[in-house]
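Biologist: I have a few questions about this model. Can you put it up first?

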Amino acid sequence: MTTTYPVGQSGSPKAFDADLKEQQEDRGSDIFYASKSRLMWLRFKQHKVALFSGVMICLFYLVAIFANFISVKDINSFSAKFKYVSPTEIHFFDEEGDFTRPFIYNLDRKINMETLEYEYTQGDTTYPIKFFHKGYSYKFLWMFETDRHLMGVDEGAALFLMGSDKLGRDIFSKVVHGARISLSIGLVGVFLSLVFGVILGGISGFYGGKVDTVIQRLIEVLMSFPSIPLWMALAASLPPHWSPLIVYFMITLILSLIGWTGIARVVRGIVMRLKEEKYTEAAVLSGAGNFYIIRKHLLPGATSFVIAHATLSIPAMIIAETSLSFLGIGLRPPVVSWGVLLQEAQSITVIANYPWILYPAFFVIATVLFFNFLGDGLRDAADPYMNRA
Amino acid sequence: MLFYIFRRALISIPTLILISIISFILIQLPPGDFVDAYISERLIIDGSISDVEALRASIQAELDISDSMVVNYFKWISGFPHGDFGYSFQHQKPVDELIWGKLGLTFLITFITLIFTLTSAFFIGILTALKPYTFFDYIVSFFGFLGLAVPNFLLALLLMYLSLKWFGTPFSGLFSPEYINAPWSMGKLLDVLKHIWIPIIVVGTAGTASQIRIMRATMMDELHKPYVDTARSKGLPQYKVILKYPVRHAVTPLASTIGWMLPELVSGSAIVAIVLSLPTTGPFLLEALRGQDMYLAGTFLMMLAVLTIIGTLLSDIILALLDPRIRLS
């Protein structure tokens, strides 16, 4: 698909229509004067899947920010009465078949005398799902105290959108809270990788020669280590008594220890290419300092590629955190992340009996997919002057 | 050509030395060591030990780790040329007795996965490039994206769950019960081959997905070049037009991925092995790391890295064979 921007038909009678006018400005001959960022945005907009993924990712991050408001129950509140309850059925039609506000039934619990486990059956009392319901109190946006939640039900029934775990905790609320850690670890990790990668890759490409050789050798060594065994070794070396916050930062540091190598290579390649450009040479000849050249001529050209590459390396970090936590050498409870939640799914019998504990996995996969699509779109848009086949 | 191979092999020696140093430092990172853990265990059993320092010294002397880190490193590394990798504290055996079986199976899985990945990427890549934007193409890219997005361990869990549902027994391990402690025989080999396909699918999916994309992209680029039209206008049969010219071009980027594929496959198989409880390096490395069994863990880390270095070396040689521009530069 060759990207061409059709020249707008000027002089059409509808040209006064504001919408159409804007559209024409978008696609019209203005394209030749459009700034680079505008061209990128136009190119990116064509990639509908990437656009959609971008919106979904924003949504996920919003959920993470407002985790307390969206979650139904306090993630630390457990209840022996609701062990491994399957996801609650939400009904939209009452017994007469009329459409009503969503409601659920209460749960009847009895002990199965053979297995000595609780069995839950649907009761016959209905409880409507109430929006802006009062629940546990928390600090809204870390600022002021409130107890309003997006939804909830009155005492007597239990709303488990994704079922409950072995201690009767609500998996939905935990997934929502886990998003905070799982989504931020990718961002923080990629930020750290960016810092290392841009500095070292930039130096490597800018100075070349011996410095370049040393840095490239280092990158080769790091890249030839199989990453998961390396992460395992590093993560296993974190003492168990450290506070969750320090462990969190150490894990991101460990993940970015390898992550920077890819970014460094990209930056090095771009810097080397841009250094050969005529405008850079002209700047050197007119006596501009190194710092000026880097800031004015090299960085602007590299930014978009670096952002695209960084977006594409976020999913790898998310998968890595999930895998490490799943193995029990990453984050540990009481910290809630998607990987920590999946720790409960280690035994095959648990999965077979209570498959809903795999719900967090669904969010891991969705996030990774969306980031991949978004990154693809950004990469295509990163160089708007190139016509891609 | 021989000179190229020789030069390329020479370059990897400093890399190996660096890797051995990093491996050794890594396994020393955790606070405390095996001796600490051992002593605290002894103290629980026998509270009457009063002279802890003397006990520590005697254990350290027995394990031969009383020297400084640098001396220990040289002791460890100087054993490598004659196959002595130190002593495993946990298993109370020399390391070299423990690792070869696991490394062999890891190598087997990695190698078969690599072959599986390359062949399926080769054929599916060509097919999707010849018939782009068809149902088949979309199905392949759908599963490709899914394969990239699903973490290995989840795929393993899922397959285990499905095998439990469909066949009644969850898949795990690499041998049937009757073969676990049996010596190697034809029957055992066949048994391994019967079990090995699940780890191969699990480890190979992500790599296959990205390689199909590479193969498809280069094929699409090449298919519309004038030389293809020329070949066709000469009256060559279709299969010859495809296989003889564009495919030859498209294979080079595929071969160059072997280098970075290998570390990924090795690390992927480590985590899959833990989930599926395969008797390969993964679970043992994890156990050794947790138990601070430093020589065992260090040797495993080192050997996995060596495996990937050799793989990269081989991929460079294959590339040089395929592309004269590389070997002559």
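Modeller: One term first: domain bounds come from an automatic or database domain assignment. This is a predicted model, in which local features need pLDDT of at least 70, side-chain atom pairs count only at pLDDT 80 or more, and totals for chains, interfaces and linings use all residues. Residues are numbered from 1 along each chain as its sequence is written, with chains lettered from A and ligands numbered from 1 in the order in which they are written.

Biologist: Into which domains is chain A divided?

Modeller: Domain 1 covers 81–169 and domain 2 covers 174–381. Their centres, taken over C-alpha atoms, are 39 Å apart.

Biologist: How many residues of each are in contact?

Modeller: In chain A, 8 residues of domain 1 are in contact with 7 of domain 2; contact requires C-beta atoms, placed from the backbone, within 7 Å.

Biologist: Strands now. How do β2(A) and β3(A) pair?

Modeller: In the antiparallel sense, over 9 bridges; β2(A) is residues 99–112. Strands are DSSP runs (E, at least two residues), numbered from the N terminus, and two strands pair if DSSP finds at least two bridges between them. A:Ile104 has A:Tyr127 as its bridge partner, and A:Tyr105 has A:Thr126.

Biologist: And which residue in that hairpin takes a positive phi?

Modeller: A:Leu116, near 55°, with 4 residues between the strands.

Biologist: How many residues of β3(A) are buried?

Modeller: The count is 0 among the 12 residues of β3(A), 117–128. Buried means 20 or more other C-beta atoms, placed from the backbone, within 10 Å of a residue's own; 12 or fewer is exposed, and in between is partly exposed.

Conventions. Contact = placed C-beta atoms within 7 Å.
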